[in-house]
Amino acid sequence: MNQTKPFSGFDSDEEDDLDSREPWMWAGKRAFIFLIDASEAMFEKDFNDSSHFMKCIEACSKILLKSVYRQEKDLFEIVLFGTKHIGQTAQPDHVTSVFRSLDQCNADRIKDLLDILDDVDKFEKKHGHSDDYSLAEAFWYCLKIITNCKTKIYEKKIFLMTCNHNPHSSNLKLQNDTRTRAREMKNLDVHLEILPLGLAFKMELFYKEICQIFLDDDEDNADVSIIKSLNEVDDILDFFERAPAKRSTSRVLWSLGGDVQIGVAAYNFVKRSIPIPKKVKMERSKNDIVTSRVQNFNADTGEEVSSAQTSKAMNVGGQTVTFRKEELKTIVEITHPGLILLGFKPIYTIKTWFHIKQPLFLYPEERLVKGSRTLFAALHERCLARKLAAICYLTMRRGGKPNLVALVPQAEVLGKSNIQFVPPGFIARFLPFADNIRDLKDLVVNCPHPDPELVSVAEKIVESLRIKYDPKTIDNPRIHKLWAGIEALALGYPEPKETEDHSLPNIKVMDERVDCLAEDFMNMAFPEGYYYNVVSKSVKRNVSSKAPTQKKVKIDVDSMDMEEIAKKGCVEQLTVDKLKEYLVGNGYKVTKMKKADLVQAIYNHLSVDQPS
């Protein structure tokens, strides 16, 4: 028998669904291996009593913590080279694995790193140092860890942290082996990042050639010798975060008319914040996670109904219209995924209030159509020159909502040393349809005209309270305070770390800047005798006419038996557990009984009238 469920609308992709991706693009997880130099030079302490090795371990612990905060499922491993360890058949000499597996982060792994930081001298004494290592063998061991991982990986990165800018300087064969192994890593889609430690690090001696192996086709002319040396933990964290995963929300074909098509990829400007952990239901007796299952039943017969026997329906004009899955799919899918050019409009016609949802950044995708970069660059250059925006019809994926978008060209901006600050491309701004626009012409607001002197004071206040706003410097205080508590519980801290709320105003600095301008503004804005700081108190109602209510006297039920409690009419004061315990002891089944049912059952059992 086919069952019909009420249907409130057609299933389609919402704004938050833009993060879903085609399986052939981003199936799997990210894998990061931190390859840390453990030679004697890395343990030399500076004037702050800290060494490069300590900073690397501390940075790794913070990176793993951030991965837990963001609830990412990245895989991590830490490998040390330059130790005194003599490897077995499956591990090269002078190479040591810290975690011994490429896996997700957990509390035990973070505790292991914190234990290393607590007693670095003990760790150094245990593992020792050796200059007889081979960097090529260390690369090979990292590749072996990645290839032996059974989890599907779509992004593989190795972060080499060292203060030695010219390894194997006296052995050209080992240097050539390192270059050869780096090319093998490139062919296997494993990317290598060099983290130079110390002010005296010189990339051009050896690592410049290694870095150039891993440059993309459009980065062949990049000067890797200008990579900044890293001296502090924050520098290492910034280096790790500087190149986020280039995950596109969608990859579609842009039809320019006729058979002309180019491939484009869409990227989000703003990512989701650190998620708040979801509440999980636990079984009270065993402390196990409870899983839920949805099952459908026939409302008339009570029979169990499978999902294959159900269909969706909606009420139209008082009648129930039923849809089969095939019909629903046909109705929802209006157009095929893609970007269709409709025409061009001047950029000034795209108003700021047209904003529907966050825009996307479009960049050419050569893997979809060969030559997409050339045609995309030509179209981008002409739109910039003529200040035109391309109006297009965009469908992100199958079954997705069609949208009108304006592709506004964004010019490239270069910073110091010709480092790209803003990439060139198109900003896809979502446009409203006709039924989305509200007519506000008849909305009349009669605003009084302020005195010019009052406006002048207000301008001075605004000018004095200007700040250099940067959203990257303001963290979400609620999320960080929550995770500080979770971190303290997981790692065994006596109390959570202090979290600073950067969203609060600095009252002291604001008062110093405004000085007497605020008082002048209030005196000019409000008439004399008006007390703007006085808060009116609500008048209490006269309740003397009402009869005083008698408070219920709480009886000590712990010292009485159940029959005495029932005669006094105080069974309701007992907890549910005590009620169930008494009834079970007298042979009653208390499954699915609410407290009112338990109380009534006790009165009936003792043949005592229940008080109203």
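**Exercise 1. Are F34 and F240 buried or exposed, and how does their ring pair count?**

Before we start, note that this is a predicted model, in which local features need pLDDT of at least 70, side-chain atom pairs count only at pLDDT 80 or more, and totals for chains, interfaces and linings use all residues. Residues are numbered from 1 along each chain as its sequence is written, and side-chain values use heavy atoms, with hydrogens and water left out.

Step 1. Buried means under 20% relative accessible area, exposed over 50%, and partly exposed in between (1.4 Å probe, protein chains only). F34 is buried, and F240 is too.

Step 2. Rings of Phe, Tyr and Trp (its six-membered ring) pair if their centres lie within 6.5 Å; planes under 30 degrees apart count as stacked, over 60 as edge-to-face and the rest as tilted. The structure holds 19 aromatic pairs. In one of them, the ring centres of F34 and F240 are 5.9 Å apart and the planes stand at 45°, so this pair is tilted.

Step 3. The pair links distant parts of the chain, with F34 in strand β2 (residues 29-37) and F240 in helix α8 (residues 233-241), 206 residues apart. Helices (H or I, at least four residues) and strands (E, at least two) are DSSP runs, numbered from the N terminus.

Step 4. Ring pairs join F34 and F240 with F32, F76 and F159 into a cluster.

**Exercise 2. Work out how β20 sits in the barrel.**

Step 1. Two strands pair if DSSP finds at least two bridges between them. Here 7 strands close into a barrel with mixed pairing, in the order β8-β9-β15-β20-β17-β16-β14.

Step 2. Look at both sides of β20 (residues 425-431). Strand β15 (residues 360-364) pairs with β20 in the antiparallel sense over 3 bridges, and strand β17 (residues 402-410) runs antiparallel to β20, joined by 7 bridges.

Step 3. Now pick out I427 in β20. F361 stands opposite I427, and I427 is also the bridge partner of V408.

Step 4. Check the cover: 6 of the 7 residues of β20 are buried.

Step 5. Finish with the pair β8 and β14. Strand β8 (residues 250-257) and strand β14 (residues 338-346) pair in the parallel sense over 2 bridges, and S255 has I340 in β14 as its bridge partner.

**Exercise 3. Which phi do R100 and D515 have, and where do they lie?**

Step 1. Recall the background: most residues other than glycine have a negative phi.

Step 2. R100 is not a glycine, yet its phi is positive, at about 70°. R100 is found in the loop between β4 (95-97) and β5 (103-104), and is exposed, with a relative accessible area of 69%.

Step 3. D515, also not a glycine, has a positive phi of about 55°. D515 is found in the loop between α13 (507-514) and α14 (517-525), and its relative accessible area of 63% makes it exposed.
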